[in-house]
Amino acid sequence: MKSILYIALTGFGLFLAGCQNSLDLYPLAQPSAEKWYSNESEISLALNDLYRPDWWSPDEGIGSEVLSDDVFNRTTLSPIKAGTTNSQWGTSTLLWRNSYKAIARANRALAALDNPITKANVPPAKLAIYVAELKFHRAAQYARLITYFGDVVYSDAVISIEEAYTKGRTDKKTVLASVYKDFDEAAAVLPQNYPASALKRVTKGPLTPSKPELRCIWGILKWPLRLPKPAWIWPSIGCIQRMPAYLSRPLKTHPKLFLAYPDLLP
Amino acid sequence: MVTLSENGANATTRLVESRNTNLALTTQLLANYARTIGGHDVTALAGFENYYSKYESLSASRDQYLFDGYPYLDQGPITFRDNSGSAYETAYRSYFGRFTYAYKDKYLIQANVRRDGSSRFNSKYRWGVFPSFSLGWVMSEESFLKGQNVLSFLKLRGSWGKLGNERIGNYPYLGIISFGNALFYQAGAATSQQTAAQVQYAIENISWETTTSTNIGLDANFFNDRLRLVGDVYQKETSDMLLALQIPIFVGFENPNQNTGKMNTKGIDLDLSWSDRIGNVKYSVSGNLSQFKSVMGDLGGTEFLGDQIKRQGSQFNEWYGYMSDGIYQTQEDVNNSPKLSSNVKVGDMKYRDISGPSGVPDGKISPEYDRVYLGGSLPQWTYGGTIRLGYKGLDFGLSIQGVGKQNSSMLDFTDYNTGNWGRFPNVLDGQTWSNYNTPEQNAAAIYPRYTETNKGLNRALSSFWLFNGGYMRLKNVTVGYTIPERFARKALMKSCRLYVSGTDLWCLSRYPKGWDPEGLGIVTTLIGGVSVNF
């Protein structure tokens, strides 16, 4: 009798153990960032993200020159023209937020690429191009930030929350120097062009140091010369999705696509 | 689930089929023990629970069907097909025990303890222990309360306990990669490419939020149970609260949930009822009232929720905005007042200069320094009541419910020209400051002028837009008649009741006409019916 009881108990215990499951559950439908960036396709997906229109959106996200006095709406003035901007103005917070999102993602990827597993999986030449592309995007976003905001918070690594509360703004000239440094490093590595069949990603084209006027497209060439008035407004081509294509050609062939409007912003 | 739909004006015939699988498995092992020795009752319980759930979704669709007579996916145009699918799983494990002791139904003691582990947290921060105790004393069983007929039952209750909360999304401690799309130029055409990024800042040591509650209660019945009173006073302290605090935007990630801060809640619940009969009339009247207030302790930051805020010293989701001094009536007043922008005109909102960068009013209104707490947004003093009458076969019931006070915002009901569609709500008509009004009319105007330029400034949340959104609602009235049994029998029925019932019949509130304090979808319903038992 007793042994039957023991067998029953053991059986029941085994039954329960069968229902036992691990509490170590990981996302089923999405990868976790800890394991990402370890091979070429994962890295290129992370790079693709930096080309999203959100980070390259023109004024107020709806079209070119909306902030300038070239564009008027019948019923509404944009807050810049109405003189009603403040820190709650959606356009400025969105611009600030989106630029820093792109920067954080570039910094996150840069940190992740600098690890032995990635280095073992990816050929060094390709890795160098990935790093150059990330640096280009980071610099481009900082260029946009200093154009609109002047002194901004600068970091070339992911900022931890603890660190964020003690971090202040960096002088725009210092930021600009870092931007130029990133651009120069990127231009040294990026290809001159991509094969016709390949995706048009960023090239040396717009960054070549020997053609400094090309830097206009990032608004940073004229800007330091014309202090204190940033003399440039984000170029918008209307056709955002083609943006990388323009980037991949020397600007001289499309001189009219990139417009610079001086004296526009306060 | 299969849906075939035609979408309004852009009518296309679209078929969506979705299959969602939800698996939840709970395994429990319980051991009970109960024993009575003399007047001593002891029970004990030990248990183990394992819970696992997995959710999977799958959906497929095609659009622009030419015929709707063949509602299967294969019959639709291949160009307009779409599909989606996702999955997640969660699990927890608990060990728990309970011990109760009662002496002659007079003294009651209960103790519980549970240890919970959740898959939502990293294995190092996964487990939490949550004890609770309660005591009861049935005073009416004591000899010193025998031999009187005022109090028929009296019980004092007290409890203290901790509970954990883990409901914050499924994988909060992991930096999850989210996918998206970006457009590229390739071989002369735009192509879409998949993108991947970590969106949320990952907080590895995120863990249980704990709420410690202390409760003191009283159950008392008087006059042979005709008058009943249930009263509770409680205090709750929530610590390690899971909140998505605002982190500096330049960190570049979305605000993560963090274990931060404390919240204190104090409240009371009262329930009073009287039931009796006068001759053939049975009647009962009951009412309940509850009130609580939650104040945030040190949070280590701020959570902004639109026009509401959670911050140290604020109430839970307190309104946060400017102090309003009404509408500017003269240019002179405009010229001599601190303003939000240089474009403020007569007829715009006037705000009070509260502070500035140096801690004193700076002659300028700015969102950083001049917004203040404007009162909690949660309902205060919620109440309800019922009246029931019965006379022979007739019965009557009435119930009301309401909120004594609630700070509500008028902004939703007073937006004009939304999306440039040129629509203006009736509430504003004739009540708005205007250049075309006489000064007397403008002095009596309730709302600031119509303006697109300064709309954002006038319609920023301020004390001006808050009103008491308390209400009283006649929730239900029912009148019924039960046919006497001897007649019902003849029709082979056991019982038969005819009734008329009305729900949401009437509401008293300060909301503008046409708006309901409880939101959309509240409609008056009248039902007449017969209920028959055979």
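Q: Which residues touch the most other members of the largest nonpolar core?
A: A:Ala46, A:Phe136, A:Ala139, A:Tyr142 and B:Val251, out of 65 residues in that core. A nonpolar core here is a set of buried Ala, Val, Leu, Ile, Met, Phe, Trp, Tyr and Cys residues joined through C-beta atoms within 7 Å. Buried means 20 or more other C-beta atoms within 10 Å of a residue's own, exposed means 12 or fewer, and partly exposed lies in between, with C-beta atoms placed from the backbone.

Q: What kind of model is it, and how are things numbered?
A: It is a predicted model: local features need pLDDT of at least 70, side-chain atom pairs count only at pLDDT 80 or more, and totals for chains, interfaces and linings use all residues. Residues are numbered from 1 along each chain as its sequence is written, while chains are lettered from A and ligands numbered from 1 in the order in which they are written.

Q: Which element gives the most to that core?
A: α6(A), with 10 residues. Elements are DSSP runs numbered from the N terminus: helices are H or I with at least four residues, strands are E with at least two.

Q: What does A:Tyr142 touch?
A: A:Ile103, A:Tyr154, A:Val175, A:Ser178 and A:Val179, not counting residues up to four places away in sequence.

Q: Now the interface. How many residues of chain B are in contact with chain A?
A: 58 residues of chain B are in contact with 52 residues of chain A. Contact means that C-beta atoms, placed from the backbone, lie within 7 Å.

Q: Which element gives the most on the chain B side?
A: β8(B), with eight residues.

Q: Switching to loops. Where is B:Asp105?
A: In the loop between β4 and β5 (107-118) of chain B.

Q: Is B:Asp105 buried or exposed?
A: B:Asp105 is exposed, with 11 other C-beta atoms within 10 Å.

Q: And B:Asp240, what is its phi?
A: Near 50°, again positive in a residue other than glycine. B:Asp240 is partly exposed, with 19 other C-beta atoms within 10 Å.

Q: Last topic, sheets. In what order do the strands of the open sheet in chain B run, β16 to β21?
A: The order is β16-β17-β18-β21, with antiparallel pairing. Two strands pair if DSSP finds at least two bridges between them.

Q: Why is one side of β16 and of β21 left without a neighbour?
A: Because β16 (303-305) and β21 (372-376) of chain B stand at the edges, each with a single partner strand.

Notes. Contact = placed C-beta atoms within 7 Å.
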